[in-house]
Amino acid sequence: MAMRKIKELLRFGSVGLLATATHALTYLALLAVTVPHIANLLGFCLALVFSYWGHSRFTFTNHKADTWEERRRRLSFLAVALLGLALNTGFVHLTTLVLRLPDWSPVILIACVTPALTYILLKLWVFRPRSIVR
């Protein structure tokens, strides 16, 4: 049981690291052509697609793909994603506008805080085992 949880956490970390890198690198690259809030939104959207695909196919594989359950999972994932977007947008606003730190500074919070919260919500709500759903 403990080994299974460790493997799941490693899979989450792998997918999450790639999604976070996608978000961060897209954000940093877009800073050359747009404002931080737009760069954050576009980076987040790109990472979101990768994240859903990776977590649903690789990290949390204990679910069956019947129509109702998959629809519930997608809507729940979207809710978690929107919470993550709001949190990341808050980080961008706080660091770049309120604290007047460099435009790259929110990446630190985006890469550390949001993934931890996302893991908890994905594990306990979005990809929970089907037997708990009913």
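## Close-up views of a helical model

**View 1. Helix H2 spans only 30 Å between its end C-alpha atoms, while a straight helix of 24 residues would span 34 Å at 1.5 Å a residue.** Keep in mind as you look around that this is a predicted model. Which residues of H2 are buried? They are Pro36, Ala39, Asn40, Gly43, Phe44, Ala47, Ser51, Tyr52, Gly54, His55, Ser56 and Thr59. The cover over these buried residues includes H1, H3 and H4.

**View 2. Here is helix H1, which runs over residues 2-30.** How far apart are the end C-alpha atoms of H1? They sit 41 Å apart, which agrees with the 42 Å that 29 residues should span at 1.5 Å a residue. Now pick out the buried residues of H1: Glu8, Phe12, Val15, Gly16, Ala19, Thr20, His23, Ala24, Thr26 and Tyr27. These pack against H2 (36-59), H3 (67-98) and H4. As you read along that list, here's a handy bit of background: an α-helix has 3.6 residues a turn, so residues three or four places apart point the same way.

**View 3. This one shows H1 packing with helix H4 (residues 106-126).** Two packed helices are described by the angle between their axes and the distance between the axes. For H1 and H4, the angle is about 145° and the axes are 10 Å apart. H1 passes H4 in a right-handed crossing. On the H1 side, the contact is made by Glu8, Leu9, Phe12, Thr20, His23, Ala24, Tyr27 and Leu28. On the H4 side, look for Pro106, Val107, Ile110, Ala111, Pro115, Thr118, Tyr119, Leu122 and Lys123. What classes of residue make up this contact? There are 12 nonpolar, three polar and two charged residues.

**View 4. Zoom in on threonine 26, a residue of H1.** Is threonine 26 buried or exposed? Its relative accessible area is 18%, so it is buried, the cut-off being under 20%. The side chain of threonine 26 reaches back to the backbone oxygen of threonine 22, at 2.6 Å. Setting aside residues up to four places away in sequence, threonine 26 touches Ala21, Leu42, Gly43 and Leu46.

**View 5. Next up is asparagine 40, in helix H2.** Asparagine 40 counts as buried because its relative accessible area is 1%. Which side chains does the side chain of asparagine 40 meet in polar contacts? One is that of histidine 23, at 2.9 Å. Another is that of threonine 89, at 3.3 Å. Once you leave aside neighbours within four places in sequence, the residues in contact with asparagine 40 are His23, Tyr27, Leu85, Asn88, Thr89, Val92 and Ile110.

**View 6. Asparagine 88 is our stop in helix H3.** H3 has 32 residues and reaches 45 Å from its first C-alpha to its last, close to the 46 Å expected at 1.5 Å a residue. Asparagine 88 has a relative accessibility of 2%, so it counts as buried. What does asparagine 88 contact, beyond its neighbours within four places in sequence? Look for His23, Asn40, Phe44, Ile110 and Thr114.

**View 7. Leucine 31 sits in the loop between H1 and H2.** Leucine 31 is partly exposed, with a relative accessible area of 22%. That value falls between the two cut-offs, under 20% for buried and over 50% for exposed. Apart from residues up to four places away in sequence, leucine 31 touches Pro36, Ala39, Asp103 and Trp104. Serine 51 is 20 residues from leucine 31 along the chain, and their C-alpha atoms are separated by 22 Å.

**View 8. We finish at arginine 100, in the loop between H3 and H4.** What is the phi of arginine 100? It is positive, about 55°, although arginine 100 is not a glycine. With a relative accessibility of 65%, arginine 100 counts as exposed.

How values were computed:
Residues numbered from 1 in each chain as written. Predicted model: local features only at pLDDT ≥ 70, side-chain atom pairs only at ≥ 80, totals over all residues. Heavy atoms only, no water. Helix = DSSP H or I, 4+ residues; strand = E, 2+ residues; numbered from the N terminus. Buried < 20%, exposed > 50% of the residue type's maximum accessible area, 1.4 Å probe, protein only. Contact = heavy atoms within 4.5 Å. Polar contact = N/O pair within 3.5 Å; in protein donor to acceptor, adjacent residues only side chain to side chain. Axes fitted to C-alpha atoms, helices over the stretch in contact; angles between N-to-C directions. Left-handed = near helix turned anticlockwise from the far one by under 90°. Nonpolar A, V, L, I, M, F, W, Y, C, P; charged D, E, K, R; others polar. Expected span 1.5 Å × (residues − 1).
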